[in-house]
Structure formats: C-alpha cells, structure tokens
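Please consult the sequence and the structure shown below.

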Amino acid sequence: EMYPATKSWLSFLNQYAEAHNGWIDVGLGDWIAIDIAPTNLTSNIFYHYNIALMASIADIVIGAGSGDLYRHQADVLAKSITARFASSSGKYSSSGLQGAQAFALWHQIVPAPLFNASFAQLVAAVEAANNHVSVGLFGLRYMMDVLAAAGRTDLVLTMLNQKLSPVRRDQPSWVRYFLHTGHLHISGLKMSKSLKNFITIQDFLGSSPSTQATTFRWFCLLRHYDTPADYTKEAMHEAASIGNNIAQWISDMHTRIAHYDNTTASPDTSRRWQDAEHSFYKQFNDARAAIHACLQNNFDTPGAVHRLLGLISATNSYISSSSSNTTPSPELLQSVTDFALGLLSSFGIQPSSTKISSSPVDRPDLDAAQALVSFRARIRQVALSSSGASSQGDLRRSVLQLCDDLRDNVLPKYGVQLLDQANASTILRPVLTEANQERRKKNMDDPTTTDKDKSSPSYSRFDDKGIPTHDADGTPLSKNKMKKLAKKPQEKMMDTSSGREDKS
C-alpha cells in the first residue's frame, strides 16, 4: 500500500534533478565525518540508491521485470557520477577521501575496470590517516563492509582498536566501538522528544552526579547489552540497592578482616585451615570461574553480577558458621574482597566506602572506642554465660538490654556502629554521621579556615573584643586578615589559640 507513495517520492527526486541539470547537489552528506566527502557526490549516490531500490520494489510489488526501467535509469546515473567525479586513478574526490571511496564502492557506482584502483585508493586513504577512521556515520558502515568483503579484515580490526582519538591523535579515543542495540524505553515507551518523556543528562545526574552515574552503571550491568532496556524508578531503585549493598559489604569486609587479623594474632587461635576454609575456598574458585565464563559468553554482565551476589552470600555464611574457638581466615577473606574490587573496577565502579577513613572528622577516637567495645563485650559474655536462678535470668536480660541500647542508640550518635558476632565477639565499624558531615563541609567551605587553624594554635594575642591581633609567632596580623577574623565566631577563634587570651 506504500508503493504509490514510494513512486511519488522518486518522482519528486527526478523533477528536482531535471530542474538542476540532472543532478541533486544538496543534502546532509556523510554525517559528522572528520574528513567530509563532497556533498554533491554523496547526494547523487543517494539519488542512485533510491532509483535502484525502486527497481527492486517494483519487481516485488508489480512483478518480475517491472523494475527494468528504473534499473536502466540507475545504470545511466552511475556512469554519469563516475564520469563527473572519478579520476583515472580511481579517486572519487580530488584527495581520495575515505568517505568518497567508500560511498562509491559500496553503492556499486564504480565500474569493474576501475574497481581495483578505486579500492586501492580507499586503502591508501586509511593508511594516510594512520589507520584511523575519518568517515561519518554512513561512510563508516560502507567502508567496513567494503574492506571486509575484499578480505581486509586486518585493516578493519586495526582501525576499530585504535586507542587514540582520530581528531586529536595525542589524546585517548572517546569511543572504540559503535554498537546500536535498540532504543531506551521509559516506563514501556521509547524515549523521544515527540512523547516528551526524555530525560536530559543534567537532570538525571542532579545534585549527586557521581552517585547517579554509579547507579546507572549498575542499571546497565543488570541488563544484557543487546536486549531492550526499560528505564523505570523501580529499576533504578533496584540498581541503587544492589550497588549500595555490595559497597557496604566491601566496607564490612575491610572491618572484619582487620578484626580477625588481630584476633588470630593471639597464641590461643590457630590460623591453620579447617574443613570450613577448604569448602569455602572451593566455592570461591567456582564463583570466579563462573563469573569469567559469564563475561566470555557475549559479555553476560547480569549473570556475572548474580554470581557475585552468590559469592557474597557464601562469604557471609562462611563467617557466620565460625564457632567461639575458631576465627574466619583473614587471608581468605582478603582474597575474596580483592577479587570483588577488581571485578567492580573492570566495570568502572569504585565503591565509595571500601576502607576505613583515616580522617579525624570521619571517625571517632578508635582507641577509646575500642576500649569501650571490649568492656561491653566482657559484660555480654558474662550475661550470655549466666544460667540457673530466675534472678540470674533477670540480670542476664537487663545486662543484654543495656548492651543493646549502647549499640543501637548511644554509640551511633558518635559515629560508631557495632556488629555482634555469633561467637559473642563484636566488630567495631566507624560510620560518618550527619554531624561530622556538616563539620567537614563547613571546614571545606570556610575560606578563612586554614590547615593551621584546624591543627595547631594560630594566634598569640587578642584585642578587647577577642579578635586576634598577632599570629602564633607574635607577628602582627594584617588589617585585612583581622577584618575576616572579626566575622568569625569568637569561640572558634579562641579554640585555635593556645587556650588563654593574651592581651599584652
């Protein structure tokens, strides 16, 4: 039913050409090419393609031989294009650009006697560009098809595996492979301007670009690259949840490894592997092999992530199975953690919380906190070991309630989270509280706060209003510096002094 419309389109092209001496010299050309092929060449080759396509359509819709008239028109135009644009050496542009040669060869404009020379000009154009692609979106397909059909797949692979940009050849390439796998859908509908359901990158990233970008990476990893992707809030929540859980698990593993490493340093604890370690090590190796197989199988990232989650579950089961007189192997846990980090790094994901921060703003005084943890652990041990009379049971419950209150309600306020283990031991994990976040942000944003202000006494003398007048070495401050300090809270300035107000 579209045949009449197709004929009308070709009729329009013929009328335009007749009005311009038989040529169509206008058009979009080879899109976003680096070395642009002449538009009058590409437009007339596209004109030829429309006529040849119409011949095939007529044979199918009307019957065999119905397209002969169109075929004759296409042959005449092909000869005219060669006569107008081609040189005796086979160049279809003055400089023999990749795009010009690829267009003419792919669309079978080049006559048989000139084919080898024209193909040689294409190869020469590629080599002249240091084996970089310089064609546009149309010419890219044409060039790759022509080279591959002629047995030059080596040249195709060389171009596609270039590590430097074709524009700035001293810079890394922004993309090595072009692959179109379908449209992105938003809640079941194709994302498009006409439907007004598109999302700009700026809107998507919002105020947390790093977090959103990582979440979208997880969204992509949970879907095979060659299947349709449906973008929904639920799908993004799922991706964020998986990403956050894995990042938290890695952070927990660093804490556990440090704890177990200290525990196994005791002479009472053996580091020799038991059946549990050998069994878990086999699970670890099986998981590594399965993940590798997934990535070799057409880059099956959903399968790889699924098996990574299985490895995490197996690791947690191994840890929870340890008894009061055995400790999980920190070396084995470190191997598992390193493997997970390496896998995520290959996916372009760097978990934001993989190690305990060394910043005093981000963590409490761990020595004092650890002492408190040890004290609480001893109380829990006594309570858990008590039995017999109901009064002892009441004591046991009361002590455990106090321990739980300390764990759940008191310590988190100070940036401490406790993880109680099955063997009655406890792991300390520092966390970044909102208060500490605000303190860090304020220190970073305050232009008058220097490293010296934060870490050592900065001022030795103050005026009657408490404004510093001399630095720690006794050197008078400039008027500009004093004006800035006058705007800061007095308490803050006094904190950075030696502890007393020296007005002498």
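A charge is taken to sit over a ring if NZ of Lys or CZ of Arg lies within 6 Å of the ring centre and within 35 degrees of the ring normal. The model is a predicted one, in which local features need pLDDT of at least 70, side-chain atom pairs count only at pLDDT 80 or more, and totals for chains, interfaces and linings use all residues. Residues are numbered from 1 along each chain as its sequence is written, and side-chain values use heavy atoms, with hydrogens and water left out.

Two arginine residues meet the charge criterion, as tabulated here.

| Charged residue | Ring | Distance to ring centre |
|---|---|---|
| Arg84 | Trp23 | 4.6 Å |
| Arg288 | Phe284 | 4.2 Å |

**Aromatic pairs**

A pair of aromatic rings is described by the distance of the centres and the angle of the planes. Rings of Phe, Tyr and Trp (its six-membered ring) pair if their centres lie within 6.5 Å; planes under 30 degrees apart count as stacked, over 60 as edge-to-face and the rest as tilted. The count by this rule is 16 aromatic pairs. For Phe204 and Phe216, the ring centres are 5.4 Å apart and the planes stand at 75 degrees, so this pair is edge-to-face. Phe204 belongs to helix α8 (residues 201-205) and Phe216 to helix α9 (residues 209-221), 12 residues apart; helices (H or I, at least four residues) and strands (E, at least two) are DSSP runs, numbered from the N terminus.

Phe204 also pairs with Tyr231: their centres are 6.2 Å apart and their planes at 65 degrees, so this pair is likewise edge-to-face. Because Phe204 lies in helix α8 and Tyr231 in strand β3 (residues 229-231), the pair ties together parts 27 residues apart in sequence.

Buried denotes under 20% relative accessible area, exposed over 50% and partly exposed in between (1.4 Å probe, protein chains only). Phe204 is buried at 15%, and Tyr231 is buried with a relative accessible area of 15%, whereas Phe216 is partly exposed at 28%.

Elsewhere, ring pairs join Trp31, Phe46, Phe103, Trp106, Phe138 and Tyr142 into a cluster.

**Helix α2**

The buried residues of α2 include Leu41, Ile45, Tyr47, Ile51 and Met54. Among the elements covering the buried residues of α2 are α1 (3-18), α3 (68-85) and α4 (98-106). Gly63, which follows α2, has a positive phi near 145 degrees.

Definitions and conventions:
Contact means heavy atoms within 4.5 Å.
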